[in-house]
Amino acid sequence: MNYTLKDLPERTQKPRQSGSTMVMDKGLSLREVEDFLSVSGEYVDIVKFGFGTSCVTPNLKEKIALYKEAGIPTYFGGTLFEAFAIRNQFDDYRRVLDKYGMEYVEVSDGSIELDHEKKCDYIHKLADSYTVLSEVGSKDAEKIIPPYKWIAQMQAELDAGSWKVIGEAREAGNVGLFRSSGEVRSGLVEEILTKIPFEKIIWEAPQKAQQVFFVKLLGANVNLGNIAPNEVIPLETIRLGLRGDTFMEFIKAETIAFK
Amino acid sequence: MNYTLKDLPERTQKPRQSGSTMVMDKGLSLREVEDFLSVSGEYVDIVKFGFGTSCVTPNLKEKIALYKEAGIPTYFGGTLFEAFAIRNQFDDYRRVLDKYGMEYVEVSDGSIELDHEKKCDYIHKLADSYTVLSEVGSKDAEKIIPPYKWIAQMQAELDAGSWKVIGEAREAGNVGLFRSSGEVRSGLVEEILTKIPFEKIIWEAPQKAQQVFFVKLLGANVNLGNIAPNEVIPLETIRLGLRGDTFMEFIKAETIAFK
Amino acid sequence: MNYTLKDLPERTQKPRQSGSTMVMDKGLSLREVEDFLSVSGEYVDIVKFGFGTSCVTPNLKEKIALYKEAGIPTYFGGTLFEAFAIRNQFDDYRRVLDKYGMEYVEVSDGSIELDHEKKCDYIHKLADSYTVLSEVGSKDAEKIIPPYKWIAQMQAELDAGSWKVIGEAREAGNVGLFRSSGEVRSGLVEEILTKIPFEKIIWEAPQKAQQVFFVKLLGANVNLGNIAPNEVIPLETIRLGLRGDTFMEFIKAETIAFK
């Protein structure tokens, strides 16, 4: 930090179990990755190559190497897992993972109907060789999953070997954890937290108001995902109470100089 | 492509008559153009310097050269043609086109009232020396042009020498083809397609939901325009069914591994 | 300019008292600053490091130097002043300003309750050593300040030594001068202008429709702020009437070639 202020919340340090920021890269160039890391590298814990973008970006191998050099693991968006699985090409997917030296993998069912036991089976198989992130929630705004099911699925996926579970929101933040307006389904979130430890969850929260909601509810060191590369620094100020939205969140009563 | 999946739609190759992506550059630096092309170059067919931005960007000559080197033609937004035409400076406009070695030109009437015969006359004159794109639709959200008029104008402009016709949407995607909410005027689109060959039309579709609409209606190889530079890779995944929105679009029934 | 059009409004030149563009940098890398300045440098008058981003960007010193080299002054967002003031760390703040060689400083009360006399006192103290920008308006959408109070506060702050006063809007453009929908509180703006000289005010106007409103009301040379770096060139076309929204604004009746 460039200067010292009283009562800033303490941030966790890498490798973080909580307080992680997961970023979505949906097609950065190598130089853009360098630029991004030069500013935000220390605040980024893991990078997702969104949906199927890894298929069509010509710089993939070099880009993975750049992130690796910076000590930041990467993984392919869950939609890619689903694209292989639905085509009965799961073995091909493992070959792709190994070709690119991926150490993390996402298992999701946002776009497919996947029997939940079968999903856990995929998680279990992959957990032998990779660190698995699994995602709960549909990309279909019409499909409302009730809280008890979110909890049961999250627990089953952790039991099957997931390192962390992700709450679905898409790039736009308008499904899964959120209503189509972007508003948080706060009852859902609170119910989940009665059962699943908060450090095991990454909340996709691409919109500022969503990030603010989670920092207010769970503090500076909540795990947040689907953050755009150029929103990592602004998010860090939200976590620290250095932006209007969370400005009074962390200041102790005795510190306040005037009302 | 970095790996192979069954049932991906076949994409056309450059020079594309259909399946083109037209990008709006509204002020990129030279290095940003290099970055953009390093990732998206093979998916970009033509670049528009949006509205009057070409007047105030100091790097214009060098930028045109960069795109030319990459084999990507550029043109000035139609608003610039209109700015010269309304001031009775059409001859000056031709001199500007030639000073910058432009091979493509857009003729539009989104901000001016231009008699349609006169518009076709401009197209006819310019078609001798340039490849002409002409645009139909008003930038004024209040001006609703009925479908039969869209068709008559598009046909007349193609007859006058336009290479392709563009359906207006603006940078924001909230006029012309779309309601102010961004929703597609789908009846209009379908009626246009009963008369005008789909490869002759570039649909401006800056919003994701709009791109999805056109890919679902017309397939991977629809011509789309006003795409932001950093949305070309995401669009490519929409075209290929590698994003949630078009995920099941191209998979054959016999390929599907599970329901 | 790359070519000449009749009836373009004359833009002021640097150092501008009116017609200024204030840009918000919320975490650019050094190379992104270079890119930005290579295109937009001559149109940018002052750069704000938004809210508390200056605390967490590792390249701060070098970035300030880059802007300085280009002749563009920088300052820290008012939220940072407030973060120090509320913690009774005002003297620390002055040390931070001096450590980074800042010549401009913002005083605001968007996130704190600050007695207005005390605010003017801060302005007065800082005006000895720095050029002060002070901001009027709350970041809280619920706190509606009536026009007469805006005027009284603006006048008092100018009297206390502010170089210019800023009308609050946040990065999103949805508070202060604007309704939560982003719509301009036009009555408020017009009433302010009956009392405060327009060149003393910088209107935060991050959204395009807001920029268009002010250019239509006050002409090409209105001071606008909270402009995103990649929106400076598009804004310049709005100022000049080279974008659809202000297209007919500056053309004289006798110039118009056709109705």
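Helices and strands are DSSP runs numbered from the N terminus, a helix having at least four residues and a strand at least two, and contact means heavy atoms within 4.5 Å. The model is predicted.

## Helix 4 of chain A

The buried residues of helix 4 of chain A pack against helix 2 (53-56), strand 3 (74-76), helix 5 (90-99), strand 4 (104-107) and helix 6 (116-127) of chain A. Nine of the nine residues of this helix (residues 78-86) are buried, so helix 4 is largely enclosed by the rest of the structure. Among them are Gly78(A), Leu80(A), Phe81(A), Glu82(A) and Ile86(A).

Just after helix 4 of chain A, Asn88(A) has a positive phi of about 60°.

## Relation of chains B and C

Chain C is superposed on chain B by a rotation of 120° with 0.0 Å of shift along the axis, at an RMSD of 0.0 Å. The two copies are thus related as by a three-fold rotation axis. Only 3% of the interface residues of chain C are also interface residues in chain B, so the copies meet through different surfaces.

## Interface of chain C with chain B

Chain C gives 34 residues to this contact and chain B gives 38 residues. The buried area is about 3,100 Å², with 59% from carbon and sulfur atoms. On the side of chain C, Asn2(C), Tyr3(C) and Phe258(C) lose the most area to chain B, together 25% of what that side buries.

There are five salt bridges between chain C and chain B. One salt bridge joins the side chains of Asp245(C) and Arg170(B), at 2.9 Å from N to O. Polar contacts link 18 residue pairs. Helix 1 (30-40) and helix 10 (232-240) of chain C are the elements that give two or more residues to the side touching chain B. That side has 16 nonpolar, seven polar and eleven charged residues.

## Interface of chain C with chain A

Here 38 residues of chain C contact 34 residues of chain A. About 3,200 Å² is buried between the two chains, 59% of it from carbon and sulfur atoms. Val56(C), Ile86(C) and Arg87(C) supply 24% of the area that chain C buries against chain A, more than any other three residues.

Five salt bridges are found across this interface. Asp35(A) and Arg31(C) form a salt bridge, with the closest N and O atoms 3.0 Å apart. Several elements of chain C give two or more residues to the side that touches chain A, including helix 1, helix 2 (53-56) and helix 5 (90-99). Helix 4 of chain C gives the most to that side, with seven residues.

Notes
Residues are numbered from 1 along each chain as its sequence is written. Chains are lettered from A and ligands numbered from 1 in the order in which they are written. This is a predicted model: local features need pLDDT of at least 70, side-chain atom pairs count only at pLDDT 80 or more; totals for chains, interfaces and linings use all residues. Side-chain values use heavy atoms; hydrogens and water are left out. Buried means under 20% relative accessible area, exposed over 50%, partly exposed in between (1.4 Å probe, protein chains only). Copies are superposed by least squares on the C-alpha atoms of residues with pLDDT of at least 70 in both. Buried area is the accessible area (1.4 Å probe) that two parts lose on being put together, summed over both. A salt bridge is a side-chain nitrogen of Lys or Arg within 4 Å of a carboxyl oxygen of Asp or Glu. A polar contact is a pair of N or O atoms within 3.5 Å; within protein, one must be able to donate a hydrogen and the other to accept it, and residues adjacent in sequence count only if both atoms are side-chain atoms. Ala, Val, Leu, Ile, Met, Phe, Trp, Tyr, Cys and Pro count as nonpolar, Asp, Glu, Lys and Arg as charged, and the others, Gly among them, as polar.
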